[in-house]
Amino acid sequence: MQHSQDGYLLIADITGYTAFLRESELDHAKDSLRSLLDLLIENTKPPLMISRLEGDAVISYAPEGSFQQGQTLVELIEGTYVEFRRALDLMVLNTTCNCLACRNIANLDLKFFVHYGTFALEPLPSYTELIGSDVNLIHRLTKNNVTEKTGMRAYVLYTKAALEHLAMPGLFDELTRQVESYDDVGEVTVYLLDMHPIWENRKHRYHTVVEPQDAVHTLEKDFSLPQPLLWEYLTNPKYRSIVFGADSQRIEDLKQGRVADGSVYVCSHGKNIIQQSIIDWHPFEQYTIKSATPGGGFALMTIRLTGHDNSTTATALFGKTQEGPSLIRGLVNFVGRKFLAPSMVDGFNALSEVIEREIGDGSASQQAVGKIPAEQIENALTESLAQT
C-alpha cells in the first residue's frame, strides 16, 4: 500500500440502472450500458485518474495540486453530463427496436458525488483500489434521500470539504443544501446541483467562433499536455500574461463564482489596459474573446484546443476587424498580422517552456490518459447483471 495523500474523490453513477436491468431484455440492455460506460470512461479526463469500475459507476480521483483551478473539475463534471445526455438522446432517436431495453433507455440519467479527503492507493492486478475513511464516506453518500426530498434524478452532490477546496464561493448560490444521516458516520451536510438545467441550457447552444476561412491569421502550437490541463494554462490569467505578452492579467465579472460568457480578462501592457470580453466559453474545446479596436470597431479571437493521445494542439484564430471606418479596419488587420500574431508565436513558445519547466520540477501534472481494459468493463457489466 502506498502512503496516504489528499485529493478529490469522484463517483459518476448511472441513475435508474437497476430498474433498467430488471425491466429490460438483458442482451440489449448490456449493449446500451456498455456504450454508456465507455462514454463515462472517455470523459474521465486528466488530471482525473480512474480507480475502477463498480457496476454502473466509474470511480476516479485527483491528488492534491492536480487542478490549478477548481472550475476545471466542475466543468469536467458538467461536460461529462452533457455528453451523456446527448448520447442518450441519440440512442432514443436512432433506435427502431421496440424491445423493452430500447424503450427504457430514456429513463436513465447520471449523478455525481464529489468529496475531498485523504486516501491511499492499493495497486491490484486489474485496477487501483482507493482505501480510507473518506473513501468509505463518498460511497455512503451514493445511498441518500436526494431524489425523495428534492425530486432531482440527475445532480452533483458536493461535500463541504469538496466545496472548500474548489474555492468558488459563488458556486454556493447555485446549490441546494441538504443533510444526510448514516448510522456509522452520523449527519453529513451536502450541497446539490441539479444537472437538468445544465443540459437544457447547452443542448441547443450556438457557439460564436472565428472559423478558419474567416481568420486574417492563424497560428498553431503543439503542447505535451492532455487537453484539460492545457485548458487550465490558457485560461489562467497568470499564464495568459505570458501568451499575450502582458505585464499582468486579472479576470473580472465572474458568473456565480466562475469564468463564463460575459467575464472579462483585463490585460495590463505598461500604461495601456486592454479588455478582452469572453463571448463564448466552451470548456476544454475553445473560447472566443472580443476586443475593442481603434475607430470604434472590434475584433474576435478564438483559442481552440484539439486533443491527441497525450498532447494537444492550440490554435489561435484572429478574426477580421468589424465595424468602424474601412480604412482603419484594414490598418488594424495589417497590424494584427504583422505584430500581434508573431508576438503570440513567441508567447506560445514561452508558455511551452514554462510548462516543461514546471513538469520537470513537479509543480505541474502531465497525467497521461489512462486506459481501462475491455475485460474490466465486461466484468463490471457481468457483476451487475448477476445482481439483478
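Start with the aromatics: twelve aromatic pairs are held in this structure, where rings of Phe, Tyr and Trp (its six-membered ring) pair if their centres lie within 6.5 Å. Select Tyr233 and Tyr239: the ring centres are 4.6 Å apart and the planes sit at 65°, so this pair is edge-to-face (planes over 60 degrees apart; under 30 is stacked, the rest tilted). Both Tyr233 and Tyr239 are buried, meaning under 20% relative accessible area, with exposed over 50% and partly exposed in between (1.4 Å probe, protein chains only).

A word on the model: it is predicted, so local features need pLDDT of at least 70 and side-chain atom pairs pLDDT 80 or more, while totals for chains, interfaces and linings use all residues. Residues are numbered from 1 along each chain as its sequence is written, and side-chain values use heavy atoms, without hydrogens and water.

Next, pick Trp231, Tyr265, Trp281, Phe284 and Tyr287, a cluster linked by ring pairs.

Now go to helix α5, residues 133–141 (helices are DSSP runs of H or I, at least four residues; strands are runs of E, at least two; both numbered from the N terminus). Asp134, Val135, Leu137, Ile138 and Leu141 are buried here. They span an arc of only 155° around the axis, which puts them on the same side of α5; the arc is taken from the directions from helix axis to C-beta atoms. Show β1 (5–15), β4 (109–123), β5 (128–131), β6 (155–159), β7 (176–182) and β8 (186–194) to see what these buried residues pack against, with contact meaning heavy atoms within 4.5 Å.

Last stop: Phe339 in helix α11 (326–360), exposed at 53% relative accessible area.
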